[in-house]
Amino acid sequence: MGLLKQLQRRTPLGWLQLSHDKSRLLVALSGIAFADLLMFMQLGFQTALYDSNTRLHRSLRSDIVLIGSQTRNLQRISTFSRRRLYQAMDIPGVKSAEAMYVSNMIWKNPQTRRDTEILVIGFNPDKPAFDLPEVNQQLPEIKLPDTVLFDRAARGDYQETIAQLELSKAVKTEVERRTVIISGLFKLGASFSADGTLITSDQNFLRLFPRQLASSVGVGLIEVQPGFDKKRVVAALKSHLRDDVKVLTREEFIQFENDFWRRNSPIGFIFSIGVSMGFVVGVILVYQVLSTDVNAHIKEYATFKAMGYRNYYLLGVVFEEAVILAILGFMPGVIVSLGLYHLTSSATNLPMYMTALRGLQVLVLTIIMCTISGAIATRKLQAADPADMF
């Protein structure tokens, strides 16, 4: 209570100095808001990168995933022999082991007739591979020859195509010079690596990719029997299968994809650098404001020192200014970021959204940024000698 009363009686020198020159204050807040905006956008793009490229992984109806040992990510699949799935069935606790085929291909946009790249997934429709209700309700459809399901959240001009499909009107288009029928829709979403996704049966997939051998599998989906420890089954699979496959839990498969984009892709590195640049830009801008303020009031600070005030009191005034700038500058930064998140999400179909954790993260970074600037700006203040000033 005594500390609270002391704070109430304390003259808010930091705020008074900042608000004295309102034009300088607005410039400072604009600079901090811009730095926050840079950090928010880079963090948003980074999260969208990871989320969009693991949507398919998170929707898999599988406890354990087998991939080729040379697989780098879902877009760079290394196939393995289907024999590994038969061998996996010999392991106690394995309920089923199904094949899934994955590949990118060029298809003709049925609305614009332009060629674009799309991800194609093929699996046995008698064994649902996804926890996607729209897909599972249309499994009989994809058993028909040359029939596929289309991702309604794909990036591009598909409004007319989606409207026809919603009216239960099939749409025809070309995939690698082969006519296919789009019989229905599902929702997954675009990613950084693919504009959209087609889902079909394994037999239709092999028709679309005649060079793909049925015995060469892209992804193996293994379901564990109830009551068995998944980790023990994974350990048994690793010891039983040859080293031409990797055995991962579904969670590890998601992390495997994220690690590729974080460590082996330049995109993840670029976004990390963008966050760092926003932080550095903010430090420089706030330092210039605080340094200018200290220089403009250096004689007043020297007078305080001559009156007996210690350095830590004067440093507290500068740090008070830094924290005020951080909080006030953060507010317009987060508001503008929310608008840009919505705009980006609408334009690209990427999962751009604000979270409380990200807001707190940027706020903490902003306070640290302004505190560092204040610490640098106070170096001249500590060296100020009243005898030299007057």
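This is a predicted model: local features need pLDDT of at least 70, side-chain atom pairs count only at pLDDT 80 or more; totals for chains, interfaces and linings use all residues.
Residues are numbered from 1 along each chain as its sequence is written. Local features need pLDDT of at least 70, side-chain atom pairs count only at pLDDT 80 or more, and totals for chains, interfaces and linings use all residues, while side-chain values use heavy atoms, without hydrogens and water.

**Whole chain.** Show the cartoon. The chain has 17 helices and eleven strands (DSSP runs numbered from the N terminus: helices H or I, at least four residues; strands E, at least two). The radius of gyration, over C-alpha atoms, is 29 Å, well over the 21 Å from the globule rule for 390 residues, so the chain is more spread out than a compact globule. That rule is 2.2 Å times the number of residues to the power 0.38. The C-alpha trace spans about 90 × 50 × 35 Å along its principal axes.

**Select 250–264.** This is helix H11. Its 15 residues reach 21 Å from first to last C-alpha. Now colour the buried residues (under 20% relative accessible area, 1.4 Å probe, protein chains only). Among them are Phe 253, Ile 254, Phe 256 and Trp 261. The buried residues of H11 pack against H3, H4 (55–58), strands S1 (64–68) and S11 (245–249), and H12 (266–296).

Which residues of H3 meet H11? Leu 49, Tyr 50 and Asn 53 do, against Glu 257, Asn 258, Trp 261 and Arg 262 (contact: heavy atoms within 4.5 Å).

Conventions. Axes are lines fitted to C-alpha atoms, for helices over the stretch in contact, and angles run from 0 to 180 degrees between N-to-C directions. The expected span of a helix is 1.5 Å times one less than its number of residues. Buried means under 20% relative accessible area, exposed over 50%, partly exposed in between (1.4 Å probe, protein chains only).
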